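Hello,

Here is the structure for your files. My notes on it follow.

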Amino acid sequence: MPPIWSATLRFGLATLIFVAMAVIVRPPLPRGRQLLGAVLYGLFGFAASYTFAYLGLVNGGAGVAQVVIDLAPLLTLFLAVGLGMEPFHWQGLAGSLLAAAGIVVVFGDQLSAHVPLVSLLLFIAGAVCIALTNIVAKRIPPGHPILANAIGMGLGTAVLGSLSLGLGETWSLPTQPSTWVSVLYLASVGSVALFLAFLYVLRRWTASATSYVLLLMPLWTIATAAVVRRCTGVS
């Protein structure tokens, strides 16, 4: 599937789920500053970050993407301190550097592969946007997690869809069951559950502490890959 159309389909389905949840739960509508927070959350968290990440993955390896994007905790810390949202702590800096070094050790072999400079720059831009998402959503809380995601993700889907059309991508639905399973997994667990949990945690933690959740992604990826390989018999 074309990259931006793939992201559009993923978040479009997730938006429908959030809208259905909002109809059932009926959370309070965001207004004023909360509405602004939801809009910025959508622009940085979905439109910008996933545009860069998905375009970078076309010619760049997933391992390289993991290494670069997992610099987001370090970037979030610098932004939070620079904006006066959090005090500087050497422990936080040491933890971010240690975490980044650990990711490089795990995926270091991927860095030796030839990766186009454009893909690398796209991954870096994606990491910056993820860090900005943490900062924006903490500084301008977007309101109830369900409606915040419905609005933000819906706006992100609209921007992604417009970009996809502008790039001349072909909009076609998957034809293979395995592809549908992947899309539905990304729309439900990888979007609805993930970003509900993200906003829930961000309400209670600092932006820099919340960003450390990204570092669990490699562990989840490795464990999931092991289960899939065992179930499918792929060596």
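Arg26 counts as exposed because its relative accessibility is 68% (exposed is over 50% relative accessible area, buried under 20%, partly exposed in between, with a 1.4 Å probe and protein chains only). This is a predicted model, in which local features need pLDDT of at least 70 and side-chain atom pairs count only at pLDDT 80 or more, while totals for chains, interfaces and linings use all residues. Residues are numbered from 1 along each chain as its sequence is written, and side-chain values use heavy atoms, leaving out hydrogens and water.

Arg26 sits in the loop between α1 and α2 (helices are DSSP runs of H or I, at least four residues, numbered from the N terminus). Its phi is near 55 degrees, a positive value in a residue other than glycine. Most residues other than glycine have a negative phi.

Helix α8 covers residues 177-204. Its 28 residues should span 40 Å at 1.5 Å a residue, and the end C-alpha atoms are 39 Å apart, which agrees (the expected span is 1.5 Å times one less than the number of residues). At Leu186, α8 bends by about 30 degrees (the angle between axes fitted to the seven residues ending there and the seven starting there). Buried residues of α8 include Val183, Ala187, Phe195 and Leu202. The buried residues of this helix pack against α1, α2, α6, α7 and α9 (contact means heavy atoms within 4.5 Å).

Val128 is found in helix α6, residues 117-139. With a relative accessible area of 33%, Val128 is partly exposed.

Regards

Conventions: Helix = DSSP H or I, 4+ residues; strand = E, 2+ residues; numbered from the N terminus.
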